[in-house]
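Here is a short briefing on a predicted model. Keep the structure open as you read, and find each residue as it comes up.

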Amino acid sequence: MVELKPTVRTLDSQALYISGQYLSVPASVGFVVLFGVAVLNGLVLVSRISQLREEGFDLQEAIRKGSLDRLRPVLMTASIAIFSLIPMLLAGGTGSEIQKPLATVVVGGLITSTLLTLLIIPAVYSWFEKRKVEAEM
């Protein structure tokens, strides 16, 4: 989960750059929100896989079943946040210069972090678990 933070930060910074916005206090608050959601989503996935391992599932089956079990919660968390921030992202009236950087960071980062959570965390979990088993032998 810690591995996702630099990648997400880079892609969010690119979202700010592409949209012509600057790093500001609201954008920094957006990074904090994003890191919290990304870590929470990763924790939900890893805890389910670990729970299945404790129940006796083999590694690959636990990763597959855990990923499928937590696909909807992870996607719902991200999609609810993204859809709720779209009005802020598209706002053009008074105060939008405060709202837009926060929304840009969070929306761009949630798209990226959700994909990374669903694709990278299971692979990294498998790698660490295999190393742990090898070390025990």
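Arg48 is buried, because its relative accessible area is 14% and the cut-off for buried is under 20%. Arg48 forms a salt bridge with Asp69. The closest N and O atoms of this pair are 2.7 Å apart.

**Arg48 and its partners**
- Asp69 lies in helix H3 (residues 59–69), while Arg48 lies in helix H2, so the pair ties together parts that are 21 residues apart in sequence.
- Asp69 is partly exposed, with a relative accessible area of 26%.
- Lys65 joins in as well: Arg48, Lys65 and Asp69 are linked in a network of salt bridges.
- The count of salt bridges comes to 4.

**A bridge between H2 and H5**
- Glu129 forms a salt bridge with Arg53. Their closest N and O atoms are 3.3 Å apart.
- Glu129 sits in helix H5 and Arg53 in helix H2, so this pair ties together parts that are 76 residues apart in sequence.
- Is Glu129 buried or exposed? Glu129 is buried, at a relative accessible area of 12%.
- Arg53 is partly exposed, with a relative accessible area of 25%.

- Glu61 and Arg64 meet through their side chains in a salt bridge, at 2.8 Å from N to O.
- Both residues belong to helix H3. They are 3 residues apart, which means that about one helical turn separates them.
- Glu61 is partly exposed, with a relative accessible area of 26%.
- Arg64 also counts as partly exposed, at 45% relative accessibility.

**How H2 and H5 pack**
- Two packed helices are described by the angle between their axes and the distance between the axes.
- Helix H2 covers residues 25–54. Helix H5 covers residues 96–136.
- H2 and H5 pack at an angle of about 25°. Their axes are 8 Å apart.
- Angles under 35 degrees count as roughly parallel, so H2 and H5 are roughly parallel to each other.
- The crossing of H2 and H5 is right-handed.

**A nonpolar patch on the surface**
- Which residues form the nonpolar patch on the surface? They are Ile111, Leu115, Leu119, Ile120, Val124, Trp127 and Phe128.
- Together these residues have about 700 Å² of accessible area.
- Leu119, one of the patch residues, is placed in helix H5.
- Leu119 is exposed, because its relative accessible area is 60% and exposed means over 50%.

Definitions and conventions. Residues are numbered from 1 along each chain as its sequence is written. This is a predicted model: local features need pLDDT of at least 70, side-chain atom pairs count only at pLDDT 80 or more; totals for chains, interfaces and linings use all residues. Side-chain values use heavy atoms; hydrogens and water are left out. Patches are made of residues with over 30% relative accessible area and no salt bridge: like charges are joined within 9 Å, nonpolar side chains (Val, Leu, Ile, Met, Phe, Trp, Tyr) within 5 Å. Accessible areas come from the Shrake-Rupley method with a 1.4 Å probe; for residues, only the protein chains shown count as cover. Helices (H or I, at least four residues) and strands (E, at least two) are DSSP runs, numbered from the N terminus. Buried means under 20% relative accessible area, exposed over 50%, partly exposed in between (1.4 Å probe, protein chains only). Axes are lines fitted to C-alpha atoms, for helices over the stretch in contact, and angles run from 0 to 180 degrees between N-to-C directions. Angles under 35 degrees count as roughly parallel, over 145 as roughly antiparallel, 65 to 115 as roughly perpendicular and the rest as oblique. A crossing is left-handed if the near helix is turned anticlockwise from the far one by less than a right angle, and right-handed if clockwise.
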